[in-house]
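Subject: A structure for you to look at

Hello,

I promised to send you something to explore, and here it is.

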Amino acid sequence: MADIFLTNTLGKKKEKFVPINSDKVGIYSCGPTVYRDIHIGNLRTYLSADILKRVLTYNGYKVYHVKNITDVGHMRTDPATSGPRGAGEEAAIDPIIDEALKQGKTPQEVASEYTKKFLDDEKVLNIIPANVFPKATEHISEMIELTKQLLEKGFAYETRGTIYFDVKRFADYGKLSGNTLDKMDKLLGAVRVATETDKKDSIDFALWKKAQNDRSLKWDSPWGEGFPGWHIECSAMSLKYLTDAFKDGEFNHEQSRRIDIHTGGEDNIFPHHEDEIAQSEAATGEKVVNYWLHAGFLLVDGKKMARREGNVYTVSDLVKKSFNPLAFRYLTLTTHYRSRLNFTWDSLKAAETALNNLYRELTGYVTNGEVTSVNSDFEKKFVDAVNNDLDTPAALTLVWDLVRSNMPVGEKAATLYKFDEVLGLDLEKVAEEAAEVPEEVKKLIEQREEAWKKGDFSESDKLRNEIKGKGYEVVDTPEGQKLKKVVS
Ligand SMILES: [Zn+2]
């Protein structure tokens, strides 16, 4: 297999990807919290993981992909107000319960409604579904089991029904984000809040939280009724689905517990993934995740998305403005996944124009002949691009180099279809559908051919206009008439 290089946030270097098993790769992606529509920033992160998965598959790996659904509130505050731990992380209102109360529904109803909407959003963007979408509420026992392990091993402590992770016991803390213990003390000095008096140290975080009496989403545990912290769900579910860490519901000490790749957004690095590493590695006693990949932020008009700014867009906002959602997919491909992507309506429009031009070119190729074989020179360059830390901007440059080349059209079409296994732009579907020339247009072409032979140029021009009226453009070439579907 060809070499693949990925930038590992752990170590902050581009590294050659070496899988745990020769031809299988396990990926865990942090999924959505399902209490409102996910926005295009979330989707940019999921699109990056989709490209990763498609590139691995393109290279011949079998990928097993796990993406969790957070359906119990984890108390994450608005990104704008969160900072070093302590700035309200434990004090915010559970967003799922809050939304349920507002809508007069149960938290389960709210979670299932938005889970469905999330899956629909992924579908219209051609994001290949994960093999499994585990729900946090269905893995409470694994989270309790993991919390028990951390208590037994001395990495956690209980204070009045709440279990905290004792961060200072985990010497490697900070290896992902750079927020090491010495730096954290300084960071947190400024934000200590009164609600945290239960903790031994303000850098500690909750694994399990005691439930207030009137809380609706809560479970029995060895420490009384409560609910899990956010970070523990990803440790529990990644270990459960990608390793042998659990056996018959019990923690299994015998097996190796390695995971190939973990993905998320740049905003997940700290505290979420730093805390996940602390939990998983303290519980198992070994390094768990080999490669951490993070997608950069999506900015809107150069600014961070924020509800109070009114610039938090969803897929339905794009559709309302009559955009093809795949134009957004194209837009994300124009920027490297680790870079920040600046979304503007103009940039989306430009992406849609480029995508339509590509559809039009391809339809022209397919309308005029057989799809033949993949061009190996271009394919090699394409693999080199995407295997180089998923360089999709370079891959798109190759797409347009290919379009402008003088390669036979059947070969162009075959090569673009092959590239689309990674790009996911529906190239084959759109081109094949558009290339189905209706009988009436075929007849007009024949009549024009006849008129041309007779030298009746005015009849020929008239027929050309008639064909145009049916959505096809006729191009005269040395080999005869060629048709191009007019894509609006
Ligand atoms: Zn997560």
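Let's begin with a stretch to treat with care: over residues 75-84 the pLDDT stays under 50, although the model has 23 contacts there beyond four places in sequence. Residues 86-91 also have a pLDDT below 50, and that stretch has 13 contacts beyond near neighbours in sequence. This is a predicted model, and where pLDDT is low, the predicted coordinates should not be read in detail. For the chain as a whole, the average pLDDT is 90, and 93% of the residues score at least 70.

The peptide bond from Phe270 to Pro271 is cis, with omega near 5°. Another backbone detail is at Asn126, a residue other than glycine whose phi is positive, near 60°. You will find Asn126 in the loop between helix H3 (107-124) and helix H4 (140-152). As background, most residues other than glycine have a negative phi, and most peptide bonds are trans.

Next, two places where helices meet. Helix H2 (residues 95-103) packs against H3 at an angle of about 100°, with the axes 8 Å apart. That angle makes H2 roughly perpendicular to H3. From H2, the residues Ile96, Ile97, Glu99, Ala100 and Gln103 meet Pro107, Val110, Glu113 and Tyr114 of H3. Sorted by class, this contact has six nonpolar, one polar and two charged residues.

How do H10 and H12 cross, left-handed or right-handed? Helix H10 (residues 345-367) and helix H12 (residues 392-404) have axes that come within 11 Å and cross at roughly 40°. The two helices are therefore oblique to each other, and their crossing is left-handed. On the H10 side, the contact is made by Ala354, Asn357, Leu358, Glu361 and Tyr365, and on the H12 side by Val399, Trp400 and Val403. The residues of this contact divide into six nonpolar, one polar and one charged.

Enjoy exploring, and write back with any questions!

Best wishes

Definitions and conventions
Residues numbered from 1 in each chain as written. Predicted model: local features only at pLDDT ≥ 70, side-chain atom pairs only at ≥ 80, totals over all residues. Heavy atoms only, no water. Axes fitted to C-alpha atoms, helices over the stretch in contact; angles between N-to-C directions. Helix = DSSP H or I, 4+ residues; strand = E, 2+ residues; numbered from the N terminus. Parallel < 35°, antiparallel > 145°, perpendicular 65-115°, else oblique. Left-handed = near helix turned anticlockwise from the far one by under 90°. Contact = heavy atoms within 4.5 Å. Nonpolar A, V, L, I, M, F, W, Y, C, P; charged D, E, K, R; others polar. pLDDT = per-residue confidence, 0-100.
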